[in-house]
Amino acid sequence: MNYGFFRVASASLKLKVADPDFNKAKIIKAIDKACNEDVRLLVTPELSVTGYTCADLFFTKALQGSSQKALTEIVNYTKGKDICVAVGMPVPFYNSLYNCAVIILDGKILGIVPKIHLANYNEFYEKRWFASGDEFKSCQPINFCGFDTMIGQQIFDLGGGAVLGAELCEDLWVPCPPSGRLTCHGANVIINLSASDEYVSKAEYRRSLISNQSARCICAYVYAGASVFESTTDLVFSGATVVAENGAVIAEGERFTRESVLTCADIDIEKLNSQRQSNMSFENRSDEIGFSVNAVENESNDLKYRFVDPHPFVPSDNDSRRERCKEIFSIQAAGLAKRIEHVGSRGAVVGISGGLDSTLALLVCAQAMRLLGRPNSDILGITMPGFGTTDRTYQNALDLMKSLGVTYKEISIKDACIQHMKDIEHDESVKDITYENTQARERTQVLFDMANKHGKLLVGTGDLSELAMGWCTYNGDHMSMYGVNASVPKTLVRYLVKYVADFSDKATADILYDILDTPVSPELLPPDENGKIAQKTEDNIGPYELHDFFLYNFVRFGFDKEKLSFLAVKAFDGKYDKVTVDMWLGVFMKRFFISQFKRSCIPDSPKVGSVSLSPRGDWRMPSDASYNCFI
């Protein structure tokens with residue numbers, strides 16, 4: 001199994017302008033290097049056989065003849081090799097000359113795709129030499145270099161779900177790139193054979209075009225640009241090589257190098273196809289377009305050229321993470337402010353435990369008060385010590401409420417829980433699920449009743465990861481009047497708290513930093529003999545970073561357990577081995593399925609990211625679905 005991955009490479013070549021024989025050798029060398037890396041698709045730059053800057057030499061029989069001889073040798077060289085190669089060259093057809101991408105596989109020319117949009121402004125004069133491929137209303141048969149094939153707009157089935165479409169340079173820069181139509185016909189890998197010269201700021205603009213087009217078309221986009229060896233007269237080329245996948249640049253080669261560059265990437269065809277199937281806005285077309293059916297063997301699955309993010313919810317660099325946190329915090333606060341304003345609430349009630357989730361909820365409440373122009377004293381923070389409350393979390397809860405200036409109240413739930421266990425004839429020495437949930441439901445009852453008494457809105461604290469795992473008490477902490485954290489995964493909660501801590505006054509920041517260092521726990525079982533937290537969530541259900549990884553990739557892309565395991569082992573290499581990954585993956589899947597009934601009736605909450613489990617929005621699932629084929 002290759003789990004839907006398909007290895008591609010973009011090559012920028014050390015070539016000589018108007019020397020097809022020399023360039024042929026460089027292309028063959030690139031093919032060899034790509035084959036050694038198990039590449040299944042190799043893309044070379046625009047007019048790579050001749051060079052892009054040949055100008056009026058394109059009209060000469062000598063250059064055309066030499067380029068066709070070189071192409072024949074390149075095609076024959078690919079026989080028996082499991083690699084599809086795209087090269088650029090001028091192709092004469094009847095009375096016109098076309099700037100084309102020639103698609104080659106296993107000693108055959110699969111098809112020839114002409115450039116549609118010819119650059120003919122400023123430094124470009126392409127209409128002087130070439131005709132537009134737009135003249136082809138449908139694919140036409142052509143015998144080229146002794147091979148019977150088709151010329152025109154077409155797509156190519158490369159096997160394993162990979163469907164190839166090609167465009168050339170300027171085709172990407174126009175309002176309606178051909179790749180839009182190609183992807184509507186099923187292409188999920190777009191290649192661009194390009195010769196884009198350089199000037200200040202153009203590289204970043206070009207990179208944005210590539211990534212944006214890959215997002216717009218939900219495809220992989222492989223871009224190969226002409227190298228510095230094309231530089232002549234007034235123009236300088238850089239050899240840009242870029243691979244993007246659905247909006248993200250996943251590989252990029254060094255520019256301005258004096259040697260050939262091969263930039264490899266493992267693209268996820270299964271992921272792209274999954275996203276298309278779930279995106280009902282993605283248009284499918286049935287009008288005529290050429291389609292070549294072929295297959296490239298694709299057995300490589302080492303993901304040598306793909307980074308698998310172990311923390312997909314959390315940006316890795318500080319600046320991006322800070323911006324993400326700022327945006328999410330703003331969404332949470334804006335949603336809560338709207339609800340408070342809409343229902344005419346006097347403020348908010350929130351239960352404060354001294355843990356991360358309730359801390360974040362309280363910080364969101366404080367920001368919502370700022371947005372509404374109201375004092376923090378309109379927030380009623382309630383700490384409710386129980387059998388498992390430790391001195392550390394209790395003190396942090398009190399200190400934080402005082403520091404923020406909220407109205408605070410302490411209500412012990414111990415006596416009420418003891419009485420309740422007597423009422424239901426439960427031995428309080430038996431510390432089972434009944435013992436734990438009695439406390440969670442008692443706290444929720446206190447919060448709801450206090451909210452009613454004071455005319456305030458009860459704000460829920462539970463996060464996305466807890467909802468995914470069912471790590472909440474049904475009709476206990478599972479319930480509120482508005483849940484501000486319900487779309488925030490556990491791995492991101494701590495960064496949101498840190499984001500607020502970083503711009504808080506020193507007293508508040510010190511409290512928040514200590515909360516960040518506190519182990520995650522519901523504190524429903526008594527502390528250990530040293531007064532420390534005895535019940536640590538991750539000891540029971542596994543590491544949240546693994547579960548958030550599973551959650552993101554399962555809900556967004558529908559990956560099966562084999563692929564989830566494969567990706568996790570790659571992402572957490574050196575931290576979790578396959579046995580550990582598979583054990584917690586089994587736990588995740590089972591808990592995710594049996595906990596849907598809890599998610600089917602959760603309160604309203606603001607959606608903050610691409611993964612949400614709201615039954616009214618992103619995730620609709622039967623509560624009694626079997627998990628047998630998922631574990």
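Is threonine 518 buried or exposed? At 6% relative accessibility, threonine 518 counts as buried, where buried means under 20% relative accessible area, exposed means over 50%, and partly exposed is in between (1.4 Å probe, protein chains only). Threonine 518 sits in the loop between α13 (506-516) and α14 (537-541). Helices (H or I, at least four residues) and strands (E, at least two) are DSSP runs, numbered from the N terminus. The C-alpha atoms of threonine 518 and glycine 355 are 7.3 Å apart, although 163 residues separate the two along the chain.

Before going further, a word on the model itself. This is a predicted model, in which local features need pLDDT of at least 70 and side-chain atom pairs count only at pLDDT 80 or more, while totals for chains, interfaces and linings use all residues. Residues are numbered from 1 along each chain as its sequence is written, and side-chain values use heavy atoms, with hydrogens and water left out.

Let's step back to the whole chain. The protein chain has 18 helices and 20 strands, and its C-alpha atoms fill a box of roughly 100 × 50 × 45 Å along the principal axes. Of its 631 residues, 56% are buried. Contact here means heavy atoms within 4.5 Å; among contacts with a separation of 6 or more, 74% join residues 24 or more positions apart. The chain exposes about 26300 Å², and carbon and sulfur atoms supply 49% of that area, which comes from the Shrake-Rupley method with a 1.4 Å probe; for residues, only the protein chains shown count as cover.

Now turn to an open sheet of 5 strands. Its order is β18-β17-β16-β19-β20, with parallel pairing; two strands pair if DSSP finds at least two bridges between them. The edges are β18 (407-410) and β20 (482-483), each of which pairs on one side only. The chain crosses from β16 through α7 to β17 in a right-handed β-α-β crossover, meaning that, with the strands pointing away from the viewer, the path from the first strand over the helix to the second runs clockwise.

Towards β17, 4 bridges hold a parallel pairing with β16, and isoleucine 379 is the bridge partner of alanine 348. Towards β19, 2 bridges join the parallel strands, and alanine 348 stands opposite leucine 457. Strand β19 (residues 457-460) is in turn joined to β20 by 2 bridges, again in parallel, with glycine 460 partnered by glycine 483.

Helix α8 (residues 391-404) lies across β17 (379-383) and β18, at about 165 degrees to β17. For these angles, axes are lines fitted to C-alpha atoms, for helices over the stretch in contact, and angles run from 0 to 180 degrees between N-to-C directions.

What about the interior? In soluble globular proteins, nonpolar side chains tend to be buried together. A nonpolar core is a set of buried Ala, Val, Leu, Ile, Met, Phe, Trp, Tyr and Cys residues joined through side-chain atoms within 4.5 Å. The largest one has 86 residues, of which Leu336, Leu362, Phe550, Leu551, Phe592 and Leu613 touch the most other members. Helix α7 (residues 356-372) gives the most to this core, with 10 residues. Leucine 362 touches Val350, Ile352, Ile379, Leu400, Met401, Leu404 and Val406, not counting residues up to four places away in sequence. A second, separate core of 36 residues includes Ala34, Leu71, Ile74 and Ile142.

Threonine 50, in the loop between β2 (41-43) and α2 (61-77), counts as buried because its relative accessibility is 0%. Beyond its neighbours within four places in sequence, its contacts include Lys16, Asp19, Phe58 and Pro90. Glutamate 126 lies in the loop between β5 (108-114) and β6 (140-144), and is buried with a relative accessible area of 1%. Again leaving aside neighbours within four places, glutamate 126 is in contact with residues including Glu46, Tyr52, Asn99 and Lys115.
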